[in-house]
Structures are given as C-alpha cells and as structure tokens.
Amino acid sequence: MKKEPLSILVIHGPNLNLLGTREPEIYGTQTLADIDSDLKKKGEKLGFRVETFQSNHEGAIIDKIQQAATNICGLIINPAAYTHTSVAIRDALQMLDLPVVEIHLSNIYQREPFRHKSLIAPAITGQIAGFGAHGYLLALDAVISLIR
Ligand code: CA2
C-alpha cells in the first residue's frame with residue numbers, strides 16, 4: 001500500500017491575499033502565490049505535503065483549524081490582524097496537540113504598540129517575525145524539525 005506523505009497546513013489570515021500589491025516596504029514584493037509555491041516545493045523535497053489556506057474571515061480560519069486537527073502533523077499560521085484580537089483563534093489553536101509556528105512577515109515588536117501583543121502566542125510552540133517571506137521557509141524548517 002502506498003504511504004501518504006505527512007501533511008503540514010499553512011494558514012494565512014486577513015488581507016494577506018493582497019501581498020505583493022501594496023506596502024512592499026513593510027511586507028515585501030512576493031505574492032501569496034509565490035510564498036505558497038515555495039512552501040509546497042520545499043515541503044515536497046523534505047517529504048511533506050504542504051496545504052495552504054487563506055481567509056479574510058475569523059470563523060473560516062477556526063473551521064479550518066478544527067477540520068485539519070486530526071489530519072495534519074504541523075501547522076504554520078500568520079493570523080495577520082487577528083494576532084492582536086482573536087481569543088477565538090487562540091482557543092482553537094490551544095486544542096491542537098501538534099507543533100504550531102506563528103509567523104509574521106514584519107517585526108511586530110518594532111511597529112505600533114497595538115501590534116506588540118500577540119493573543120495567539122501562548123497557544124503556539126514558537127514564533128518567527130521580521131524575516132519577510134523567508135520567514136515562512138524558516139517556519140517550515142522549524143515545524144519539520146519538531147515533527148522529527
Ligand atoms: O507582519 C505580518 O505578517 C502581520 O501579521 C501582517 C498583518 C498585520 O496586521 C500584523 O500586525 C503583522 C497585516 C497583513 C496585511 O497584509 C497586507 C498585504 C499587502 C498589502 C496590505 C496589507
């Protein structure tokens with residue numbers, strides 16, 4: 001019987017579908033499609049299936065986390081603005097028993113004070129911030145090393 005590769009889910013929060021089209025000085029020039037494609041290629045090389053998902057809706061992100069919980073071995077999430085507001089996403093992440101990496105393109109601690117607080121951070125394994133799109137690849141390395 002052919003063995004399915006282990007799956008890692010990557011969730012992108014609100015407005016990240018606009019990456020590469022505005023504010024390149026903060027978020028870089030790569031589009032979300034570029035980032036997703038790089039993640040899938042790297043995952044495949046390392047023997048993992050990478051699934052990507054973007055939503056502008058808090059409930060849709062929570063549904064995705066709940067549905068994926070039993071099928072994935074690791075999660076990478078950029079909750080975008082929900083980082084600073086969403087108790088509901090934090091509660092959903094808290095229920096997972098697998099490595100979860102929170103990633104931010106920008107260094108949220110160098111920005112406006114309201115971005116310094118992540119409500120998500122207590123529910124995750126670790127956080128990567130400030131490395132632009134490359135941070136997603138660092139997050140993938142981190143999740144895979146935690147799985148292994
Ligand atoms: O640095 C990050 O990755 C953030 O999660 C991005 C969020 C922001 O609210 C967080 O504080 C930090 C914003 C994502 C908005 O994405 C855009 C992309 C292109 C153009 C405009 C917004």
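The entries below are set down by topic.

**Conventions.** I am working from a predicted model, in which local features need pLDDT of at least 70 and side-chain atom pairs count only at pLDDT 80 or more, while totals for chains, interfaces and linings use all residues. Residues are numbered from 1 along each chain as its sequence is written, and side-chain values use heavy atoms, with hydrogens and water left out.

**Asp36.** I located Asp36 in helix α2, residues 32–45; helices (H or I, at least four residues) and strands (E, at least two) are DSSP runs, numbered from the N terminus. A salt bridge requires a side-chain nitrogen of Lys or Arg within 4 Å of a carboxyl oxygen of Asp or Glu. I did find a polar contact, at 2.8 Å, between the side chains of Asp36 and His12; the term covers a pair of N or O atoms within 3.5 Å, where within protein one must be able to donate a hydrogen and the other to accept it, and residues adjacent in sequence count only if both atoms are side-chain atoms. Not counting residues up to four places away in sequence, Asp36 touches His12 and Thr52, contact meaning heavy atoms within 4.5 Å.

**Salt bridges.** I noted four salt bridges in the structure. In one of them the side chains of Asp141 and Lys42 meet at 3.1 Å, N to O, and this pair links distant parts of the chain, Asp141 lying in helix α5 and Lys42 in helix α2, 99 residues apart. Asp141 counts as partly exposed because its relative accessibility is 35%, and Lys42 likewise counts as partly exposed, at 23%. I also traced a network of salt bridges linking Arg111, Glu112 and Arg115: Arg111 meets Glu112 at 3.8 Å, N to O, and the closest N and O atoms of Arg115 and Glu112 are 2.8 Å apart. Arg115 is buried, with a relative accessible area of 17%.

**Cores.** I then looked up the largest nonpolar core, which has 22 residues, those with the most contacts inside it being Ile8, Leu39, Ile76, Tyr136 and Leu140; such a core is a set of buried Ala, Val, Leu, Ile, Met, Phe, Trp, Tyr and Cys residues joined through side-chain atoms within 4.5 Å. Its largest share, five residues, comes from α5. Apart from this core lies another, of 19 residues, among them Leu9, Ile61, Leu98 and Ile124.

**Helix α3.** I listed Ile61, Ile62, Lys64, Ile65 and Ala68 as the buried residues of helix α3, residues 58–68. They lie on the same side of α3 because they cover an arc of only 160° around the axis, the arc being that of the directions from the helix axis to the C-beta atoms. The face turned away from this buried side carries the exposed residues Gln66 and Gln67, and the buried residues pack against β1, β2, β3 (74–78) and α4 (87–94).

How values were computed: Buried means under 20% relative accessible area, exposed over 50%, partly exposed in between (1.4 Å probe, protein chains only).
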